[in-house]
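Take a first look at the chain and its fold.

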Amino acid sequence: MQSVFRFAPSPNGELHLGHAYSAMLNYDLARSIGGKFLIRIEDIDVVRCRREYEMQALDDLAWLGLRWETPIRRQSEHFEDYRRALEKLMARGLVYPAFMSRAEIRSQVEAREAVGGRWPRDPDGASLYPGLDRDLDLPAEEALMAEGRSYAFRLKMDAAVAEVGAALYWNEHGSEASCYVRVAAEPSLWGDVIVARKEIPTSYHLSVVVDDAAQGVTHVVRGEDLRPATAVHRLLQRLLKLPAPLYRHHRLILDDSGRKLSKTYRDTSLATLRKSGADPADIRHLVGLPQPPL
């Protein structure tokens with residue numbers, strides 16, 4: 001079976017050096033073993049994502065010398081795929097509409113911590129969802145929806161983990177393609193994660209596992225900051241009976257202050273570097289990647 005790698009940017013800003021490193025690393029690894037390299041546009045955020053950012057990203061990637069398979073998969077064109085996956089989870093009672101606002105969540109957290117309790121946080125540091133509405137009956141849910149209340153669909157984490165039963169893990173590759181370690185996955189650390197929203201029938205977690213399966217992705221190579229989320233992805237893959245890719249979480253490209261690069265700061269964007277006279281060889285040098293063979 002041919003190996004399949006992918007780079008999946010969100011078109012909500014300009015690509016920066018961190019994106020360039022991830023894209024070129026995926027491309028180099030695919031070429032080294034005769035695999036395919038795909039581009040996926042993760043544009044489920046229909047408010048922030050823009051077509052001009054997508055076109056700029058594709059232009060930047062082509063300028064770097066990358067070539068990819070076509071057609072490109074755009075998430076905004078596959079909402080029905082995600083809806084079907086969501087409905088499978090709902091049919092098994094693993095998903096519930098969560099109506100608590102950020103202010104209500106914050107109030108619950110502050111009340112607990114005001115009396116000396118420590119509210120649990122997920123691996124990213126966000127407060128776990130209180131779940132005060134996870135056991136509402138159907139009439140109560142429908143009444144809140146009829147009021148126009150905003151809501152998100154959340155996974156009942158305890159029920160989902162119980163349904164899977166067996167211990168979860170993923171195979172993590174190191175710098176050598178033939179070496180990997182088995183990593184224990186602990187999705188419970190994330191609490192009742194969002195799997196879809198009122199306006200959009202998906203979330204990052206749900207769409208990424210559906211997309212990887214649909215595209216036959218065999219190797220997921222992405223930033224170290226996404227390592228903890230892999231536990232959620234493995235849980236969803238097991239629940240939806242989707243194949244598990246091999247994973248590799250690479251180092252992040254940081255600025256001079258040790259801060260992770262962001263689209264907010266344009267000084268390291270590829271567009272800015274191109275305008276300043278940089279060429280693809282310079283970009284490879286800046287991110288610490290060897291020049292490709294001729």
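What follows is a walk through helix contacts, a charged pair and some backbone details.

Keep in mind that this is a predicted model.

Start with how helices pack. Two packed helices are described by the angle between their axes and the distance between the axes. Find helix α1, residues 17-32, and helix α10, residues 280-287. Their axes are 10 Å apart, and the packing angle is about 100°. An angle of 65 to 115 degrees counts as roughly perpendicular, and α1 and α10 are therefore roughly perpendicular to each other. On the α1 side, the contact is made by L17, A20, Y21, M24 and D28. On the α10 side, I283, R284, L286 and V287 take part. Sorted by class, the residues of this contact of α1 with α10 are seven nonpolar, two charged and no polar.

Now move to helix α3, residues 79-91, and helix α7, residues 204-214. These two pack at about 110°, with their axes 10 Å apart. That angle makes α3 roughly perpendicular to α7. The crossing of α3 and α7 is right-handed. Helix α3 brings D81, Y82, A85, L86 and L89 to the contact. Helix α7 brings L206, S207, V210 and D211. The contact of α3 with α7 has six nonpolar residues, one polar and two charged.

The contact residues of α6 are M157, A160, V161, E163 and V164. Those of α8 are L235, R238 and L239. The contact of α6 with α8 divides into six nonpolar residues, two charged and no polar.

Next, turn to charge. Side chains of opposite charge can pair when their charged atoms come close. With a cut-off of 4 Å between the side-chain nitrogen and the carboxyl oxygen, the count comes to 22 salt bridges. One of them joins D59 and R274. Their closest N and O atoms are 2.9 Å apart.

Now follow the backbone. Helix α4 covers residues 102-114, 13 residues in total. From its first C-alpha to its last, α4 reaches 18 Å, close to the 18 Å expected at 1.5 Å a residue. G116 follows α4 and has a positive phi, near 95°.

Two loops hold the last stops. Most residues other than glycine have a negative phi, and most peptide bonds are trans. Which bond is cis? The peptide bond joining T70 and P71 is cis, with omega about 0°. P71 lies in the loop between α2 and β3. What is the phi of K241? Phi of K241 is near 60°, a positive value in a residue other than glycine. K241 lies in the loop between α8 and β10.

Definitions and conventions:
Residues numbered from 1 in each chain as written. Predicted model: local features only at pLDDT ≥ 70, side-chain atom pairs only at ≥ 80, totals over all residues. Heavy atoms only, no water. Helix = DSSP H or I, 4+ residues; strand = E, 2+ residues; numbered from the N terminus. Expected span 1.5 Å × (residues − 1). Contact = heavy atoms within 4.5 Å. Nonpolar A, V, L, I, M, F, W, Y, C, P; charged D, E, K, R; others polar. Axes fitted to C-alpha atoms, helices over the stretch in contact; angles between N-to-C directions. Parallel < 35°, antiparallel > 145°, perpendicular 65-115°, else oblique. Left-handed = near helix turned anticlockwise from the far one by under 90°.
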